[in-house]
Amino acid sequence: MDGTTAKSVSKGILRCDPNEPRASKCFSDATAVSSDRDFAESVIETAQAIVLVLDPAGRIVRFNGYMEHLSGYRLDEVRGKDWFDVFLPVRDREPLRDLFSQAFDDVPTRGNVNSIVTKDGRERLVEWYDKPLKDAEGKNIALVAVGHDITERVQAEDALRRARDQLEIRVDERTREFVALNARLREEIAERHRSERRERRLRDELAHVDRLTMMGEMASGLAHELNQPLAAIVLQSEVILRLAGDQGQSIPPELRKSLEFITAQAHRAGDLIRSMREFVRHAEPQRVALTVMEVIEDTLPLVQQELRESGIVLDVKISDPLVQVRADKIQLQQVLLNLIRNAVEAMETSDSGGRRLDIATRIHGAMQEVAVRDTGCGIPEGAAGRADRLFDAFFSTKSKGLGLGLAISRSIVEAHGGRIWAAPNTDQGTTFTFTLPITNHDCKNEIESPRIRRG
Ligand SMILES: Nc1ncnc2c1ncn2[C@@H]1O[C@H](COP(=O)(O)OP(=O)(O)OP(=O)(O)O)[C@@H](O)[C@H]1O
Ligand SMILES: [Mg+2]
């Protein structure tokens with residue numbers, strides 16, 4: 001704009017030369033400009049936002065009525081004063097002064113948020129949109145900032161976030177409670193099932209014991225009855241031998257051997273029956289000093305036939321023939337018989353070429369150890385890792401087994417002060433071992449170990 005132009009704008013007042021021919025045009029332009037300014041002024045004053053103008057040094061040039069209302073300061077009170085010192089909390093002054101110089105030099109900045117302090121000391125949170133004002137040479141001469149008071153919005157957002165966090169915590173807690181409750185319920189149900197199973201097993205075992213008690217009574221009666229024919233067998237064998245002698249007849253040696261064998265076996269059967277009746281009656285066992293070797297030697301004839309029929313190679317190794325234990329011979333025979341019968345049964349399914357039964361004794365500290373080793377099917381799956389289960393009463397994997405052989409063997413061995421256990425062999429089969437306390441510790445086992453082989 002130069003001095004010859006028909007209109008000039010000075011200090012916000014529009015002037016017109018009425019002599020100018022284009023006066024009417026000028027007047028209408030002026031009216032338009034004047035109303036633009038008024039319009040801008042009224043927008044600034046009625047805006048529901050802060051409108052702030054700072055000079056390059058950060059001094060307050062002006063702000064609008066909204067800011068006066070918000071801050072409690074009148075413009076006259078603070079015009080020309082440092083914006084940062086008057087309106088910013090101490091903590092923010094230095095960092096925001098740096099930001100101010102950047103905004104002044106640079107492009108417009110949008111969305112910076114900071115607090116301002118009102119005259120009565122409250123803090124309000126304001127979001128700013130800044131734009132530098134340039135003169136005709138393009139030099140920045142002021143910074144116009146428009147600010148929105150977002151205090152309530154941020155507080156509402158914070159409250160919402162806190163409520164959401166609380167809600168999440170509650171949901172987490174409730175979920176954890178439900179999971180724990182669920183686990184407790186499952187555990188209770190499982191425990192109920194377990195105790196039902198235990199009760200059922202107990203009922204079965206009781207029914208079994210009832211049947212066994214009945215069987216025991218029947219066996220006792222049977223044993224009594226059997227004693228008569230056994231006595232008759234012994235008597236008749238002896239009568240034959242005696243008659244032949246009286247009549248001066250010589251009996252062929254094979255016949256004599258057979259008759260003597262019949263007598264011996266009938267005596268043994270009588271002993272077994274006596275032992276069984278005592279067992280049923282819970283009678284005290286007859287303990288005497290004996291060697292394990294003699295128990296083994298007396299037991300083997302009872303199973304020899306079975307071993308031969310099953311094609312089992314037997315190997316017996318007594319490394320301590322003089323060692324004595326105090327025991328009931330019949331009961332120890334019963335233990336050995338149970339172990340040998342189990343071994344035979346375990347080998348029923350194994351390769352007939354490799355069936356071996358090894359019986360070996362040795363001294364271990366103050367105990368006599370007896371091991372019965374087979375090449376059978378091994379410890380059954382139901383007791384894998386818990387071989388002591390085999391000794392539980394009624395544990396059996398056999399269709400016709402009572403599951404009592406090992407339980408009885410254990411009670412006999414333990415009543416003698418020993419122990420019995422089972423262990424899998426490294427190659428094949430199982431070894432059952434039992435111990436008995438040695439009574440003649442000073443005995444010398446210097447003689448060559450006898451070795452009995454039967455096949
Ligand atoms: N030598 C062995 N090899 C593998 N498993 C064995 C052996 N001896 C015993 N067992 C297992 O232990 C179980 C219990 O044996 P136990 O002698 O107590 O009862 P049983 O032989 O089944 O019946 P019974 O009371 O008529 O002897 C057997 O059913 C079998 O599964
Ligand atoms: Mg058995």
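Helix α9 supplies the largest share of the shell around ligand 1, three residues. The model is predicted, and the values below are computed from it.

**The ligand site**

Ligand 1 is surrounded by 19 residues, and the closest are Asp374, Ser396, Thr397, Lys398 and Leu404. By class, the shell holds nine nonpolar, eight polar and two charged residues. A nitrogen atom of ligand 1 lies 2.8 Å from an N or O atom in the side chain of Asp374. The backbone also takes part: a polar backbone atom of Leu404 is 2.7 Å from an oxygen atom of ligand 1, and a backbone N or O atom of Gly405 is 3.1 Å from an oxygen atom of ligand 1. Taken alone, ligand 1 exposes 600 Å², of which the protein buries 90%. Two or more residues of the shell come from each of α9 (329-346), α10 (405-415) and β14 (430-437).

Gln331 belongs to helix α9. This residue counts as buried because its relative accessible area is 13%, under the 20% limit. Between Gln331 and Met276 the C-alpha to C-alpha distance is 9.3 Å, although they are 55 residues apart in sequence.

In α10 the buried residues are Leu406, Ala407, Ile408, Ser409, Ile412 and Val413. Residues three or four places apart in an α-helix point the same way, because there are 3.6 residues a turn. Just after α10, Gly417 has a positive phi of about 85 degrees.

**Salt bridges**

The count of salt bridges comes to 28.

| Asp55 | Arg59 | 3.0 Å |

Arg124 is buried, at 13% relative accessible area. In the pair of Asp55 and Arg59, Asp55 is buried at 15% relative accessibility, while Arg59 is partly exposed at 40%.

**The network around Asp82**

A network of salt bridges links Asp82, Asp85, Glu94 and Arg97. Asp82 sits in the loop between α3 (75-78) and α4 (83-87). Its relative accessibility is 18%, so Asp82 counts as buried. The side chain of Asp82 has a polar contact of 3.1 Å with the side chain of Arg97. The Asp82 side chain also reaches the backbone nitrogen of Asp85, at 2.7 Å.

**A nonpolar surface patch**

Phe178, Leu181 and Leu185 make up a nonpolar patch on the surface, and together they have about 280 Å² of accessible area. Leu185 is placed in helix α6 (residues 151-246). With a relative accessible area of 43%, Leu185 is partly exposed. This value meets the requirement for a patch, since patches are made of residues with over 30% relative accessible area.

How values were computed. Residues are numbered from 1 along each chain as its sequence is written. Chains are lettered from A and ligands numbered from 1 in the order in which they are written. This is a predicted model: local features need pLDDT of at least 70, side-chain atom pairs count only at pLDDT 80 or more; totals for chains, interfaces and linings use all residues. Side-chain values use heavy atoms; hydrogens and water are left out. Patches are made of residues with over 30% relative accessible area and no salt bridge: like charges are joined within 9 Å, nonpolar side chains (Val, Leu, Ile, Met, Phe, Trp, Tyr) within 5 Å. Accessible areas come from the Shrake-Rupley method with a 1.4 Å probe; for residues, only the protein chains shown count as cover. A salt bridge is a side-chain nitrogen of Lys or Arg within 4 Å of a carboxyl oxygen of Asp or Glu. Helices (H or I, at least four residues) and strands (E, at least two) are DSSP runs, numbered from the N terminus. Buried means under 20% relative accessible area, exposed over 50%, partly exposed in between (1.4 Å probe, protein chains only). A residue is near a molecule or strand if one of its heavy atoms lies within 4 Å of it. A polar contact is a pair of N or O atoms within 3.5 Å; within protein, one must be able to donate a hydrogen and the other to accept it, and residues adjacent in sequence count only if both atoms are side-chain atoms. Ala, Val, Leu, Ile, Met, Phe, Trp, Tyr, Cys and Pro count as nonpolar, Asp, Glu, Lys and Arg as charged, and the others, Gly among them, as polar.
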